[in-house]
Amino acid sequence: MSPTTLSAARAPRAPKPFYRSFGFQVLAAMVVGLILGYIARQMGPDAAGNANWLTQTLSTIGSTFVSLLRALVPVLVFTAIVASIANLRELNNAAKLVWQTLLWFAITALIAVAIGITLGLVIQPGIHTAVAETAARAPSSTGSWLDFLKGIIPANVLGLQASTRVTDGSATTSLNFNVLQILVVSIAVGVAALRVGPAADPFLAFNRSFLKIVHKMLWWVIRLTPIGTIGLLGNAVAVYGWDALAQLGWFSAAIYIGLALVLFVVYPVLLQAHGLNPIRYFQSAWPAIQLAFVSRSSIGTLPLTERVTEENLGVPREYAAFAVPLGATTKMDGCAAIYPAISAIFVAQFFGIQLGIQEYLLIIFVSVIGSAATAGLTGATVMLTLTLSTLGLPLEGVGLLLAVDPILDMGRTAVNVAGQALVPTIVSKRQGILNQAVYDRGESIETLDVPDAVPAQ
């Protein structure tokens, strides 16, 4: 390579116009989605009483985007966990990093659930509500500790689960991946590969290459985020509107106040306490938080979360590759702490049931420990039913909250992902392995400029 060519290769690229940045495109898509959703809402149903063409279009766009994100989740979790366990052998303090990660998962969850309980008692959303009791109905799926015990043992090496639904005399069978089982299988394979020694080197090399391919494919999907945002946000407005929010205004306000306190007060205080600039953190992690808000999927956001944690926040790749995938399945300050705490108090207040110290301690226990029980299940609704059943509260109360769940889920997932990037950063700082220069740089990478793990040619 000639000096001229080498100089050109190293020359910094000129800054792109603001309208080509990923952040601006997503924000613009949110505005477009709100407008189209409002138009679809005003159009109302078609002559047959079904959703109009615009609502159907928005729904299809949004669901397709989320389906694309989730399609690669099983292979992403498996390859990422196996690679991360193999990479941990390169760290001298791997065992300490693991237990410190789990400890800080619990600490932040404990703080979040305490905020949720306080807001539930102060705001009293179950008393100040306009929703009718006739809206109460039992959910179709529930969570329990037995689900956790049964779900943690893999039924097969792929973590596959089959479910059959009978409607109008016909049966439909669908296959789903249990993420918790895939996590267990991945950890077992990774540990076994390390114990095998040199004989496993070809497998680990293949796994690393496969992981790069998966990341590349996921990056193609993430490029579609602005389009997916239009469909997801537009459909939410078209289907749910603002009526449900008005009826559950105090409950929705309590949830978002709690999420805001965790995201913009608790997390910055923890960062500041460890000598880290909170503004730099948000500058670096914002692309992942933003994608989590619109996609409502921690797993779907995983590759972007891992990338900003490594490249923006300065967490070593060997550690981030372990902590971030683990957090994406078990670290949920929004879904498993704030939401079930406030929701349980809402249900108790709505049905006139008094809660004592024992019940509040159970809420704390379920929120700190129980998030793992929902790792292989679907959404915060299952976590809520787990909390209600543990407390002996009516499961019919879940039906009161389903109308606003998609709107609340956006904020919950954003906080989940923020915590999944925060904990590895704090642990790295405490263990002295954080690249402080990278963290202090505080630059928000243009997430779509350079494909992940592929050097510029």
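Q: Where do I start? How many helices and strands are there in the chain?

A: Start with the inventory. This is a predicted model. The chain has 20 helices and 2 strands.

Q: What share of the residues counts as buried?

A: Of the 457 residues, 51% count as buried.

Q: Which residues form a nonpolar patch on the surface?

A: Val31, Ile35, Tyr38, Ile39, Met43 and Trp53 do, with about 630 Å² of accessible area together. Helix H2, residues 22–43, gives the most to this patch, with 5 residues.

Q: Is Met43 buried, partly exposed or exposed?

A: Met43 lies in helix H2. Its relative accessible area is 38%. Membership of a patch needs over 30%, so Met43 passes that cut-off with its 38%.

Q: Is Thr309 buried or exposed?

A: Thr309 is buried, at 0% relative accessible area. This residue is found in helix H13, residues 298–311.

Q: Which residues does Thr309 touch?

A: Leave out residues up to four places away in sequence. Thr309 then touches Gly314, Val315, Ala320, Val324, Ala421 and Pro424. Two of these names, Ala320 and Val324, return among the buried residues of H14.

Q: How do I check the length of H14, and what does it reach from its first C-alpha to its last?

A: Compare the span with the expected one. Helix H14, residues 317–330, has 14 residues and reaches 20 Å, close to the 20 Å expected at 1.5 Å a residue.

Q: Why is H14 described as largely enclosed?

A: Count its buried residues. They number 12 of the 14, so H14 is largely enclosed by the rest of the structure. Tyr319, Phe322 and Leu326 are among them.

Q: Where is the kink in H15 centred?

A: On Pro340. The kink is about 35°, in a helix covering residues 334–350. For burial, 17 of the 17 residues of H15 are buried, so this helix too is largely enclosed by the rest of the structure.

Q: What follows H15?

A: Gly352 does, with a positive phi near 70°.

Conventions. Residues are numbered from 1 along each chain as its sequence is written. This is a predicted model: local features need pLDDT of at least 70, side-chain atom pairs count only at pLDDT 80 or more; totals for chains, interfaces and linings use all residues. Side-chain values use heavy atoms; hydrogens and water are left out. Patches are made of residues with over 30% relative accessible area and no salt bridge: like charges are joined within 9 Å, nonpolar side chains (Val, Leu, Ile, Met, Phe, Trp, Tyr) within 5 Å. Accessible areas come from the Shrake-Rupley method with a 1.4 Å probe; for residues, only the protein chains shown count as cover. A salt bridge is a side-chain nitrogen of Lys or Arg within 4 Å of a carboxyl oxygen of Asp or Glu. Helices (H or I, at least four residues) and strands (E, at least two) are DSSP runs, numbered from the N terminus. Buried means under 20% relative accessible area, exposed over 50%, partly exposed in between (1.4 Å probe, protein chains only). Contact means heavy atoms within 4.5 Å. The bend at a residue is the angle between axes fitted to the seven residues ending there and the seven starting there. The expected span of a helix is 1.5 Å times one less than its number of residues.
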